[in-house]
Amino acid sequence: MTDQHSISRRRLLSTAGAAGAAGLAVGGAGGVLGSTAAHHSTPLTAVGSTMVPFHGTHQAGITTPAQARGHIVAFDLAPGADRKAAAGLMRRWSAAAEAMTAGRTPAGDDQIALDAGPCSLTVTFGFGASFFPKAGLADHAPAALVPMPAFPSDAIDPKQSNGDLWIQIGADDPLVAFHALRILQKEAAGVATPRWQMNGFNRTPGATARPMTVRNLMGQIDGTNNPKPTDKDFDAKIFVPDKSGPQAWMNGGSYAVVRRIRMLLDPWDDLTETEQEQVIGRRKSNGAPLSAPAPTGIETTPVDLEKVNPDGSLAIPGDAHIRVAAAQSNAGATILRRAFSYHDGYRADGSPDAGLLFICWQADPTTGFIQIQLKLDGSDHLTRFIRHESSAIFAVPGGAQPGEYVGQHLLEA
Ligand code: HEM
């Protein structure tokens, strides 16, 4: 047994400071998704102690770097559960989330995560369109919470889609993540029942020699051209601007679009690496855009959509994913992608049931995901190698201040 194994939970928490401020991933208002460095440069021994504050202007789990383990779960209100019952649930859920993210045991604990620190646990809550009429809050439903259009290449399972309430859980340890899921599910008893639940993962902090953007299950470096919190218009693109009136409860909030996207990994693996690179528009090995000549091009080399090859063809093909998805191709539409990979075993035909739990964040889904997906669905080469199988949009309110619960400004309006 090494020293590391014998580090107690109390010690992990008390050494959080020793990890150094730069080693702490900070969520809420000060989140740093664009800078994976703050998250991944933490020494391996600090993984347990890293804590993301629950309280803040925005909920944690949006700009927080995506953790190694993720659970997303949607609930429907139980028959007869009203606004008061929903308020009680949100109060209990927030109290449990606040305790667990700070590394304390929540009420009714079952000791699943007793020996571990918070491991960057974040818990993010959202409301689906169906919640508002059921809770007698139809007049507070945000105008931006539109139904998702049906896209021609969709293969959506309605039972694995939508839902009244949504929770996104992320942590750098699987037991810590499951513990949060289990505690929150138990708190819902009698008020809300699970509708669907999905499990995801990312590379574990410390797995690479230096901080690097994660790879998805197709092997590509994924997340490079995400907007950065330091961008001038980041807040305007990702968070709901402050307003007054019945929708003021969404101030500081954001909209989550959730799509379970299965990857057709067998046909994908039949392509040569060069063909795969043409589909995306970036090199597979290092993520450099195809507009940057090897060997000088690197992941961060700016994309040049105008660049042509000596034979006159576009360096980044006309149907390449990064061209069709780019803000320049979609009237400036910008989303913050924060995904988890998933693998749910094998399908009847022997192919992996695996892909991306695609979660993206924006101030308005109509001018964010929907605008981009309308374009991608018709003309993105990648469409031939993926299937969108689940879909949902959730209104995710701003963060709770100390003493408040998430959604209080809606439920006590
Ligand atoms: C399984 C499905 C998908 C895979 C494997 C995938 C993969 C990738 C990869 C490898 C990149 C390049 C690196 C980067 O900038 O992150 C990228 C970029 C991007 N993707 Fe996807 N993607 C998927 C689905 C989607 C969907 C559904 C959307 C939105 C509707 C989307 C929007 C974007 C955007 C906006 C970019 C940045 C483009 C740029 O400005 O360079 N992706 N994606």
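Gln 111 counts as exposed because it has 8 C-beta neighbours inside 10 Å. Gln 111 is not a glycine, yet its phi is positive, at about 70°. You will find Gln 111 in the loop between H4 and S2. Names such as these come from DSSP runs numbered from the N terminus: helices (H or I) have at least four residues and strands (E) at least two.

Ala 331 also has a positive phi, about 50°, although it is not a glycine. Its loop runs between H10 and strand S6 (336-337). Ala 331 is exposed, with 10 other C-beta atoms within 10 Å.

## About the model

This is a predicted model, in which local features need pLDDT of at least 70 and side-chain atom pairs count only at pLDDT 80 or more, while totals for chains, interfaces and linings use all residues. Residues are numbered from 1 along each chain as its sequence is written.

## The overall picture

The protein contains twelve helices and nine strands. Of its 413 residues, 48% count as buried. Two residues are in contact if their C-beta atoms, placed from the backbone, lie within 7 Å. Among the contacts with a separation of 6 or more, 79% are between residues 24 or more positions apart.

## Strands side by side

Let us start with S1 (69-77). Eight of the nine residues of S1 are buried, so this strand is largely enclosed by the rest of the structure. Two strands pair if DSSP finds at least two bridges between them. S1 and S3 pair in the antiparallel sense over seven bridges; His 71 stands opposite Ile 169 in S3, and Gly 70 stands opposite Gly 170 in S3. Nine bridges join S1 to strand S4 (residues 192-201), again antiparallel, and here Asp 76 has Thr 193 as its bridge partner.

How many residues of S3 are buried? Seven of the seven are, so S3 is largely enclosed by the rest of the structure. Leu 165, Ile 167, Ile 169 and Ala 171 point one way from the strand, while Trp 166, Gln 168 and Gly 170 point the other way. S3 also pairs with S2 in the antiparallel sense, over six bridges, and Leu 165 in S3 is the bridge partner of Phe 127.

Helix H6 covers residues 174-187, and at 1.5 Å a residue its 14 residues should span 20 Å, which agrees with the 20 Å between its end C-alpha atoms. The expected span is 1.5 Å times one less than the number of residues. Which residues of H6 are buried? They are Val 176, Ala 177, His 179, Ala 180, Leu 181, Ile 183, Leu 184 and Glu 187. An α-helix has 3.6 residues a turn, so residues three or four places apart point the same way. The cover over the buried residues of H6 includes S1, helix H4 (83-101), strand S2 (122-127) and strand S3 (165-171).

A nonpolar core is a set of buried Ala, Val, Leu, Ile, Met, Phe, Trp, Tyr and Cys residues joined through C-beta atoms within 7 Å. The largest one has 98 residues, and those with the most contacts inside it are Ala 180 and Phe 394. H4 gives the most to this core, with seven residues. Leaving aside neighbours within four places in sequence, Phe 394 is in contact with Gly 126, Phe 127, Gly 128, Trp 166, Tyr 255 and Ala 256.

Leu 145 sits in the loop between helix H5 (131-134) and S3. Leu 145 counts as buried because it has 20 C-beta neighbours inside 10 Å. Not counting residues up to four places away in sequence, Leu 145 touches Ala 129, Ile 393 and Ala 395. Leu 145 and Ala 395 are 250 residues apart along the chain, but 6.6 Å separates their C-alpha atoms.

Pro 295 lies in the loop between helix H9 (273-280) and H10. A cis peptide bond, with omega about 0°, joins Ala 294 to Pro 295.

Methods: Buried ≥ 20, exposed ≤ 12 C-beta atoms within 10 Å, placed from the backbone.
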